[in-house]
Amino acid sequence: MLAPKNSFKITASFNNRGDLPIRRPNRAPPTVAKDGPRTNDEIRNLEVQLIDQHGVNVGVTETSVAVKMAMDAGMDLVEISPNNNPPVCKIMDYGKYKFQAQKKAAEARKKQKIVEIKEIKLRPMIDDHDYDVKMRAMLRFFEEGDKVKITLRYRGREMAHQEIGTKLLDKVKAAVADIAKVEQDARFEGRQVVMVLAPR
């Protein structure tokens, strides 16, 4: 039998019984994580432990009353300790608080020095001028608070005279003993010896 012209095809998935279509549950969109503490109407608790704008502990107060008090003072109610029961909230200027927090974080980042490892490459038969240039660079790295990885590379028949390289590394250690300490002692990695020095 032919379907009437005006009809259209409906496709639905059916459950095991074959009589009712399977209904997919509506999923709520993911909640966007708020950057910073909850403020004013975002505080969902019925009561809060309130600290007023002068730092006085008012005690347990209804959240709606606390929000009104903050608004009357021209400020915000800010949740400063959410894990307490009831949570601790303070009346303050949230914009100013956020600015101070960002300023503190920027200061901390500025003070935090990222220690880098600089590499100095040496040869067992290095001449005096090259040695002096490398040592000046090494001292500069230590002054900047960086570690120095010394790589001593042997080529060809130099492997037969490893004592020359050992003497050179001892000379370097002695030259920087006052400002640097050995963090990783000299060890072979293939045809090269690697040693790491760190500023004291």
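Aspartate 72 and lysine 68 both belong to helix H1, which covers residues 63-72, and they sit four residues apart, about one turn of the helix. The two residues form a salt bridge in which the closest N and O atoms are 3.2 Å apart. Both aspartate 72 and lysine 68 are exposed. The model described here is a predicted one.

Where do the partners lie in the salt bridge between arginine 123 and glutamate 158? The closest N and O atoms of this pair are 2.7 Å apart. Arginine 123 lies in the loop between strand E5 and helix H3, whereas glutamate 158 lies in the loop between E6 and H4, so the pair ties together parts that are 35 residues apart in sequence. Arginine 123 is partly exposed, with a relative accessible area of 27%. Glutamate 158 counts as buried because its relative accessibility is 18%, and buried means under 20%. The count of salt bridges comes to seven.

Other charged residues gather in surface patches. Lys121, Arg153, Arg155 and Arg191 make up a patch of positive charge. Within this group, arginine 155 is placed in the loop between strand E6 and helix H4 and is exposed, with a relative accessible area of 51%. Asp127, Asp128, Asp130 and Asp132 form a negative patch. Aspartate 130 is placed in helix H3 and is partly exposed at 36%.

Strands E1 (residues 47-51) and E2 (residues 57-62) run antiparallel and are joined by five bridges. Glutamine 49 stands opposite valine 60 in E2. The two strands form a hairpin with five residues between them, and glycine 55 in the turn has a positive phi of about 85 degrees.

Most residues other than glycine have a negative phi, and most peptide bonds are trans. Asparagine 40, in the segment before E1, has a positive phi of about 40 degrees although it is not a glycine. Asparagine 85 and proline 86 are joined by a cis peptide bond, with omega about -5 degrees. Proline 86 is placed in the loop between strands E3 and E4.

Technical notes. Residues are numbered from 1 along each chain as its sequence is written. This is a predicted model: local features need pLDDT of at least 70, side-chain atom pairs count only at pLDDT 80 or more; totals for chains, interfaces and linings use all residues. Side-chain values use heavy atoms; hydrogens and water are left out. Two strands pair if DSSP finds at least two bridges between them. Patches are made of residues with over 30% relative accessible area and no salt bridge: like charges are joined within 9 Å, nonpolar side chains (Val, Leu, Ile, Met, Phe, Trp, Tyr) within 5 Å. Accessible areas come from the Shrake-Rupley method with a 1.4 Å probe; for residues, only the protein chains shown count as cover. A salt bridge is a side-chain nitrogen of Lys or Arg within 4 Å of a carboxyl oxygen of Asp or Glu. Lys and Arg count as positive and Asp and Glu as negative; His and the chain ends are not counted. The place of a charge is taken as NZ of Lys, CZ of Arg, CG of Asp or CD of Glu. Buried means under 20% relative accessible area, exposed over 50%, partly exposed in between (1.4 Å probe, protein chains only).
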